[in-house]
Amino acid sequence: MRALMEREGPASTRRAHREEMVAAHGHRGSRTMGATRRERRVEPRIAASAPALTPARAPRDARDEARLLILDPARGHADGGAAHALARWLRRGDLLVVNDAATLPASLPGRIGDAAVEIRLAEPPRAGRALAVLFGEGDWRTPTEHRPPPPPMGPGAVVRGEGLQAEIEHVSTLSPRLVTLRFRGADGAPLDDDALLAAIYAAGRPIQYAHLEDDLALWSVQTLYAGPPWAVELPSAGRPLSWRAIAGLRRAGVRLATVTHAAGLSATGDPAIDSALPLPERYRIGAATVAAIARTRAEGGRVIAVGTTVVRALEDACEWNGALTAGEGVAHLVIGPAHRLRIVDGLLTGMHAPGESHFRLLEAFAPRAALLAAHAHAARAGYLAHELGDLALIAPEVLADP
Amino acid sequence: MNLTDRVALVTGASRGLGRALAEQLAEAGAKLVLVARDVAPLDDFVASLGGRAIAVAADLGDKEAIHPLVARAEHVGPVEILVNNASALGALPMPALLDTDCEDLERVLAVNLVGPFRLTKAVAGAMAVRGRGLVLNISSDAAVEPYAGWGSYAVSKAALDHLTRIWASELGEAGLRFLAVDPGEMDTRMHADAIPDADRAALADPRDVARAIVAMMRDEAGAPNGARLVAPRWQEVAA
């Protein structure tokens, strides 16, 4: 707890630290790969051989009809039926940890001078400030990589939005489009946290991407258990968890716990920013969750993260602190094949393709060959990708021996 | 239930029973999210509570108002108490069913039934995963007595009572409590709108009713989950 809190530090130190980390991640990312979560910029070597997954283009009528692909690292993969029957793949004593962040309408329209711009928040605002990515005119229907940049601007420039304005307080060295904004009311008066949230909800829309058919409603980007408004994009692996699914888990003796993690942007179309994703993201882990994880491990159950954000929060907390403790932190850890998992045993996640940064995270859970085989099967069998798509459960001992 | 520092979301909080409940909950140490279509009457009260209360302007008949409202509430803290108190009488003077416009019935159901359903749906999932929460639906004796002229309002409250029972049957095992509360006849503007010539001396003070309801909230073992309680007599009904 103390280590986590100290890393947060006073506001000024925190901002400086975050900026350093953004820059550092940029370098690290550019050395490894430049993939994004939903707009899959596939590595050329793989693109020739990997079959493509079809994106889900609209919300399903029944969220829990999402399909489930089961992957046991030691035993291979199998079709797992619908997400509402998730319980049949888990056992008494397992613990599912979900990200309970509600999704903000984090796309805000604005103008710089006469030019239309779009602000996409990269994190939830805190004390009137937030990291954000600026786009030129257009909307989600244009793929991000084809969006024009905003007009040139530096610190002190003001983006005028609906019911609020945002002064550019700092421009990242990573990209001139990655900025720290300081928000005020439309009249320039300071806004407290609640007034800023109200203004964001009045003016904003959910962030979405060009693979979708239509505008997303705010109702469509919330999980069933959404709580604090921290996520700028839907923590999507939890979306198919209906009460039917959760009640089934409870009946089967599978417990639930929460973390709150500020799920960030999937893609920006700016290669320098995309190579640095995921950016540092804030999280909060409660004492009840720490206790539930300890109990699960002591009793031989499996800790299953629902979504990569939960993996990142739990593993980051442990990485910095040596052991999992309750508190708030900022996740800097980027998980790949070399990461040794300390807390999480398994993962319920969306369908990710080779070349995505998320696929590299999956390699911490299963050998690359097993993941590639499962991915090829998913593509052939018509599993759907992206935030409204199907799910994969990757966990040890989830399939019986053949 | 100890109410200290619990976040309570109260709809229809600008006057009448809602305002009285807000005052009683504040006195009990709860943090408040107070919802009304017009929050101007709440300004002084919210300011007097420092950072322990916010006022949110919202029309609960509007589906799109729900998540913005819940997000602001959850920013205050995890919502553990929801009081669905806001309600609409419909057309005034209250018409017989044959004189009730279809749209008027729809509007009353939207505010009194669908609104509480949506708001509960938006907070109860998080409550269920956390394993605790209390939802009070403010009802009326019109839910059980067929008063002529009260058609729209009465059927909305009868349905709300039954919604309370179904929520309880589905989420009780997850640690959530749902109660429907008939506050009895109170000296409020809504009562005056409905029955302009009522004898005010015979009506209860909403502050007394609010005290009884807050006592009911504290008494976790007091009433079966999903029960319909009459506020002035809740202890005997619960027993």
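Predicted model: local features only at pLDDT ≥ 70, side-chain atom pairs only at ≥ 80, totals over all residues.
**Exercise 1. A second salt bridge in chain A**

Task: State which residue forms a salt bridge with Arg244(A), and explain why the pair ties together parts that are apart in sequence.

Solution. 
Step 1. The partner of Arg244(A) is Glu65(A), and their closest N and O atoms are 3.5 Å apart.
Step 2. Arg244(A) belongs to helix α5 of chain A, whereas Glu65(A) sits in the loop between β1 (54-55) and β2 (67-72) of chain A; the pair therefore ties together parts 179 residues apart in sequence.
Step 3. Arg244(A), with a relative accessible area of 43%, is partly exposed. Glu65(A), with 40%, is partly exposed.

**Exercise 2. A salt bridge in chain B and a network in chain A**

Task: Find the residue with which Asp205(B) forms a salt bridge, and name the residues that salt bridges with shared partners join into one network.

Solution. 
Step 1. Asp205(B) pairs with Arg207(B), and the closest N and O atoms are 2.9 Å apart.
Step 2. Asp205(B) has 26% relative accessibility and counts as partly exposed. Arg207(B), at 45%, counts as partly exposed.
Step 3. The network consists of Asp139(A), Arg141(A), Arg205(A) and Asp215(A), joined by salt bridges that share partners.
Step 4. Over all chains, the count of salt bridges comes to 32.

**Exercise 3. The interface of chain A and chain B**

Task: Describe the interface by its area, its residues and its polar pairs.

Solution. 
Step 1. The size of an interface is often given as the accessible area lost when the parts come together. Chain A and chain B bury about 1,900 Å² between them, and 66% of this area is on carbon and sulfur atoms.
Step 2. In chain A, the residues that lose the most area to chain B are Asp194(A), Trp219(A) and Trp243(A), which together provide 36% of what that side buries.
Step 3. The contacts involve 19 residues of chain A and 22 residues of chain B.
Step 4. There are 2 salt bridges across the interface. Arg250(A) forms a salt bridge with Glu173(B), with the closest N and O atoms 3.4 Å apart. There are also 3 residue pairs in polar contact across the interface.
Step 5. Three elements of chain A, namely α4 (193-203), α5 (243-251) and β13 (255-261), each supply at least two residues of the side that touches chain B. The element that gives the most is α4(A), with 5 residues.
Step 6. Sorted by class, this side of chain A has 12 nonpolar, 3 polar and 4 charged residues.

**Exercise 4. Buried residues**

Task: Determine whether Asp316(A) is buried or exposed, and state how many residues of helix α3 of chain B are buried.

Solution. 
Step 1. Asp316(A) lies in helix α8 (residues 308-321) of chain A. Its relative accessibility is 0%, so Asp316(A) counts as buried.
Step 2. The side chains of Asp316(A) and Tyr283(A) are joined by a polar contact of 2.8 Å. The C-alpha atom of Asp316(A) is 7.0 Å from that of His332(A), a residue 16 positions away along the chain.
Step 3. In helix α3 (residues 66-76) of chain B, 9 of the 11 residues are buried, and the helix is thus mostly covered. Among the buried residues are Ile66(B), His67(B), Arg72(B) and Glu74(B).
Step 4. Just after α3(B), Gly77(B) has a positive phi of about 160 degrees.

**Exercise 5. Chain A as a whole**

Solution. 
Step 1. The accessible surface of chain A comes to about 14,900 Å², with 53% belonging to carbon and sulfur atoms.
Step 2. Of the contacts in chain A with a separation of 6 or more, 72% are between residues 24 or more positions apart.

Conventions:
Residues numbered from 1 in each chain as written. Chains lettered and ligands numbered in written order. Heavy atoms only, no water. Contact = heavy atoms within 4.5 Å. Areas by Shrake-Rupley, 256 points an atom, 1.4 Å probe, with all protein chains shown as cover. Buried area = accessible area lost by both parts, 1.4 Å probe. Salt bridge = Lys/Arg side-chain N within 4 Å of Asp/Glu carboxyl O. Polar contact = N/O pair within 3.5 Å; in protein donor to acceptor, adjacent residues only side chain to side chain. Helix = DSSP H or I, 4+ residues; strand = E, 2+ residues; numbered from the N terminus. Nonpolar A, V, L, I, M, F, W, Y, C, P; charged D, E, K, R; others polar. Buried < 20%, exposed > 50% of the residue type's maximum accessible area, 1.4 Å probe, protein only.
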